[in-house]
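Subject: Structure handover

Hello,

Here is the structure I promised to pass on. Please open it alongside this email as you read.

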Amino acid sequence: CAPCPKRRGLRCSNQDGIDKLDKAHLRALKLEYGNTTLTWAEAKDRIRKHIVPEGLQVICSGCQWLQYGMCESAVRKLRS
């Protein structure tokens with residue numbers, strides 16, 4: 001987030017939207033808010049188990065990057 005022009009200290013000018021997306025991702029990955037730390041390998045394993053590419057349309061609703069298809073493509077690649 002460091003180079004993003006929407007950054008405001010440790011938060012974002014769109015923090016409500018970020019919080020909404022974070023909550024949706026926590027639910028989708030079967031995680032709870034708190035001090036959970038995952039390795040990248042653990043995160044990828046959860047994505048493989050719980051996320052289908054088409055599901056991002058719901059999970060990521062409202063994300064400005066969704067329309068570009070990069071995440072959907074990455075999830076497809078991860079699951080193949």
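Below is what was found, from the overall fold down to single side chains.

First, a caution: this is a predicted model.

**Overall fold**

The chain has 80 residues. Its secondary structure comes to four helices and two strands. The order along the sequence is β-β-α-α-α-α. The C-alpha trace spans about 35 × 30 × 20 Å along its principal axes.

Of the residues, 20% count as buried. The accessible surface of the chain is about 6,400 Å². Carbon and sulfur atoms make up 56% of that surface. As for contacts, take those between residues at least 6 apart in sequence. Among these, 39% join residues at least 24 apart.

**Cysteines**

How many disulfides does the structure hold? The count is zero. A disulfide is a covalent bond between the sulfur atoms of two cysteines. To count here, the two sulfur atoms must lie within 2.5 Å.

Take C12. The closest cysteine sulfur to its own is in C4, at 5.7 Å. That is too far for a bond. C12 is partly exposed, with a relative accessible area of 21%.

C63 gives a second case. The closest cysteine sulfur to that of C63 belongs to C60. The distance is 6.0 Å, so this pair is too far apart for a bond as well. C63 is also partly exposed, at 25% relative accessibility.

- W65 is partly exposed, with a relative accessible area of 47%.
- Y68 is exposed, at 53%. The cut-off for exposed is over 50%, so Y68 qualifies.
- M70 is partly exposed, at 48%. M70 lies in helix 4, which covers residues 70–79.

**Where to look**

For a quick tour, start with C12 and C4, whose sulfurs are 5.7 Å apart. Then go to C63 and C60, at 6.0 Å.

Best wishes

Technical notes:
Residues are numbered from 1 along each chain as its sequence is written. This is a predicted model: local features need pLDDT of at least 70, side-chain atom pairs count only at pLDDT 80 or more; totals for chains, interfaces and linings use all residues. Side-chain values use heavy atoms; hydrogens and water are left out. Buried means under 20% relative accessible area, exposed over 50%, partly exposed in between (1.4 Å probe, protein chains only). Contact means heavy atoms within 4.5 Å. Accessible areas come from the Shrake-Rupley method with a 1.4 Å probe; for residues, only the protein chains shown count as cover.
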